[in-house]
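I opened my notebook for a first look at a new structure.

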Amino acid sequence: MGAPLYRLENLAYAYPGRPAASPFSLELDELAIPEGEILALVGPNGAGKTTLLMLLAFLLRPARGRLEFRGLDPWAAADGAAAARLGAVLLTHHPYLFKGTVADNVAFGLRLRRLPEAEIAARRSEALALVELEGWEHKPVSALSAGQAQRVAMARALALRPRALLLDEPTANLDAPLGLRMEAVLRDAGRAWGTTVVLSTHNFSQASRLAGRILYLSGGKQVEFGHENCFSGPAETDGRTSWIEIGPGLRLVFAGRVKGRVTCVIDPSAIRVTAADGPAAPGAGPNAFRGRVSRMEMTEAATALVRVVGEAVFRASVPLAEIERGGISLSREVLVTFDPASVRIVGERSGESGEHQ
Amino acid sequence: MIARELALAVWISLKTSGLAALVASALAVPAALFLAGRDFRGKKLILVVNQTWMAAPTVVIGLLFYSLLSRSGPLGGLGLLYTQTAMTVGQVFLVLPLIVGFSYTALRQVDRRARLTALTLGASRRQAGWIVLREARFPLLVAVLAGFARAISEVGIAMMLGGNIRNATRNITTSIALETAKGEFRNGVILGVLLLVVTLGINVLVQTGLRGRDEEP
């Protein structure tokens, strides 16, 4: 990680028509995003994720505070925002493709930058290969499906090799395997070109898989906890493992020796859910929590998202076969287990103490 | 009506109305782009006034400009009355609200994301404006052609400001009026059909020339 690409201080944005009591749609005290970082914005609808991305793309002007890009405040100079936009590209949730062909679209930003035709052709081919659309140059965009359009828009952004790639739910229109492959593309692009990636997502698994850091937003403000599977508190250690208390007498154990205040997350796919009284119930070990299934949602990848409420709230991504085998159903009493090694520390402040979830 | 006279009337129609449509478009499209891209106090009033202006009878516009351009009028010194220039000026005033209205609707229908996408891919605000126009090029073309059709088919302004002077300001519509007044209804109908054929030809030419690769006509 390098120097901050973005630095935000006391930043606020207000959409017109907000009530006087809470005039701002987004308020952030302080945030630095280093060069090359992948930052995920997670939060419910209306949390301010898209607004933050629009601010980072210099498409909205902050109502208050300072937003620095590469050490400068683009809004302070007359053409500063337009110049900054050349380095920060936003891919919107429902991307718009200009009329014409795939090639016209992918070359659009390159032509604006007046690159030589040979380089435009090379970058266009490279970007289309990255999104698995080689040879699609001459297809009219009117013939594309929503998922293909999303990939063309992603290629159009990747072709620019921007300093900052801002993505609003980038894999929303893609099926699960393709979504995973596109995540790899984003990660590789970040590494290869030193691109800073900021993405918003409702998909907590995606955020924890892809991002080096997760920013939780709720009601236009940064919050410490925004989701199931995210816990925070002062850590204690016995030298081999560490833990935080997530409830009276309830320890969430993780690998390593950690002291100070930590925020940690557990990938939903790393969590096992078994019937509490079933034959497959594991014996007592670290990270075993009782609860009842409060919700089950089917996903596209032959798995279901299972929400368990009990000693703590967890959300697990469980293969359908396992659900069938274990007799997992709504209201069933279950045991949630996961390996300490699967607990990921996403925030650490040494020497501090605070409340836990 | 001899062939040369007829050809000249067609040429005068095409010239004055074509020029009127182009000048009006040059004023109307930027105005529509401005109106479509911004919300401000008084915008609704502007749109209502524009809508009302569209319904103005050609004779009223002709009369208005006649009073301005006649010898005793404030612009009488310019000596424009009974010239093709006067006809063009009157027709610009006639078709301007029509092109503003059609262009405004066309530009409002362009996805707002088009401008946003252009900006985030590095376009300046001016370039983003051009891109919005490009995205709406076919409905905008329809707006310009509608303006041209309105101008070439009107008779009130051409008659009052042009004076229907043979070989100077007589166009197709004033020729039709003259032939009808003379009781030469057959000639009037032939000229009417000719007017439609000329307009059809212009429409086909322009739309074929500008049709995009993946566009509906």
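Among contacts in chain B between residues at least 6 apart in sequence, what percentage join residues at least 24 apart? I looked this up in the model, which is predicted, and found 75%.

**Entry: chain B as a whole.** I listed the elements and found ten helices and zero strands in chain B. Read from the N terminus, chain B therefore goes α-α-α-α-α-α-α-α-α-α. I noted that 44% of the 217 residues of chain B count as buried. I also wrote down an accessible surface of about 11200 Å² for chain B, with 67% of this surface belonging to carbon and sulfur atoms.

**Entry: helix α5 of chain B.** I picked this helix, residues 112-120, and looked for its buried residues; among them are Ala114(B), Thr117(B) and Leu119(B).

**Entry: Leu97(A).** I found Leu97(A) in the loop between β5 and α3 of chain A. Is Leu97(A) buried or exposed? Its relative accessibility is 14%, so Leu97(A) counts as buried, the cut-off being under 20%. I then checked what Leu97(A) touches, leaving out residues up to four places away in sequence: the list includes Val141(A), Leu144(A), Ala149(A) and, from chain B, Glu135(B). Leu97(A) and Ala149(A) lie 52 residues apart in sequence, and I noted 7.2 Å between them in space, C-alpha to C-alpha.

Notes:
Residues are numbered from 1 along each chain as its sequence is written. Chains are lettered from A and ligands numbered from 1 in the order in which they are written. This is a predicted model: local features need pLDDT of at least 70, side-chain atom pairs count only at pLDDT 80 or more; totals for chains, interfaces and linings use all residues. Side-chain values use heavy atoms; hydrogens and water are left out. Buried means under 20% relative accessible area, exposed over 50%, partly exposed in between (1.4 Å probe, protein chains only). Helices (H or I, at least four residues) and strands (E, at least two) are DSSP runs, numbered from the N terminus. Contact means heavy atoms within 4.5 Å. Accessible areas come from the Shrake-Rupley method with a 1.4 Å probe; for residues, only the protein chains shown count as cover.
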